[in-house]
Amino acid sequence: MKKDSAKAWVFNESVLTVSVHSETLIDECIENVWPQALDVKSWMNLADLKTVSGVSNNEGELVKVANRKFDESAPLPHHHFYRVISVVPMKQVVLSVFPEIEGSYGFERMNFFDIVTVYENDGSTIVTFDMNGEIVSKDPLNKDQLLELGDGITKGSQEKSAIHWANLRELVDKSGSKS
């Protein structure tokens, strides 16, 4: 089972809006999947992730995200942050994603909400990832440039999803026997 969608559009000729949805089915009960899904750092690990403050996997945790791959011509800094803003046990974790105070990667504003949700499905578990947000560049970009940026972000997110889902499945498999 795989249902993915991604789109990007430009608002007011200067704001790039991005929406990505990805989901997977894991052949394990929700009780076995939830602890692994909650530990986002363990499976969405294509960047260097470090807890800066707060308790790991709890509301209030602040995480620095340092991308390993980036366009070297992009302005510094090459990192951003997320904060765990909501944890609904056995259901959902919500992350607020934002740049450094002075911006990240040349973006003046880069604000997203990433949401991981788990659903029981006949003894298996559906896990979804939703990323919704907006980017404003420090340097003026025209509509075509913004849409090209959005296309790169959505395609990159879809490519990463396959790796993230494989990582999550591996962690669930390692964590215990079949339910």
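This briefing walks through the pocket, the cavity and a few backbone details of the structure above. The model is predicted, so local features need pLDDT of at least 70, side-chain atom pairs count only at pLDDT 80 or more, and totals for chains, interfaces and linings use all residues. Residues are numbered from 1 along each chain as its sequence is written, and side-chain values use heavy atoms, with hydrogens and water left out.

**The largest pocket**

- The largest pocket holds about 1600 Å³ of space; a pocket here is an open set of points on a 1 Å grid over the protein atoms alone, with protein on both sides within 12 Å along at least five of seven lines.
- Its volume is the space filled by probe spheres set on the points, with grid points joined across faces, edges and corners.
- Of the 45 lining residues, N67, K69, H80, I153 and K160 are the closest to the pocket's centre; a lining residue has an atom within 4 Å of a point.
- Helix 3 gives the most to this lining, with 13 residues; helices (H or I, at least four residues) and strands (E, at least two) are DSSP runs, numbered from the N terminus.
- Other elements that give two or more residues include strand 3 (47-53), strand 7 (107-121) and strand 8 (124-137).
- The pocket lining divides into 26 nonpolar, 11 polar and 8 charged residues, where Ala, Val, Leu, Ile, Met, Phe, Trp, Tyr, Cys and Pro count as nonpolar, Asp, Glu, Lys and Arg as charged, and the others, Gly among them, as polar.

**The cavity**

- There is 1 cavity of 30 Å³ or more, a cavity being a set of points where a 1.4 Å probe fits but cannot get out.
- The largest cavity contains about 40 Å³ of space.
- L38, V40, K41, N57, E61, Y82, V84, V93 and L95 form its lining, and helix 2 (40-43), strand 5 (79-88) and strand 6 (92-99) each give two or more residues to it.
- By class, the cavity lining has 6 nonpolar, 1 polar and 2 charged residues.

**Backbone details worth a look**

- Most residues other than glycine have a negative phi, and most peptide bonds are trans.
- A cis peptide bond joins L76 and P77, with omega about -5 degrees, and P77 sits in the loop between strand 4 and strand 5.
- Y105, in the loop between strand 6 and strand 7, has a positive phi of about 60 degrees and is buried (under 20% relative accessible area) at 12%.
- D122, in the loop between strand 7 and strand 8, has a positive phi of about 50 degrees and is exposed (over 50%) at 76%.

Note on methods:
Buried means under 20% relative accessible area, exposed over 50%, partly exposed in between (1.4 Å probe, protein chains only).
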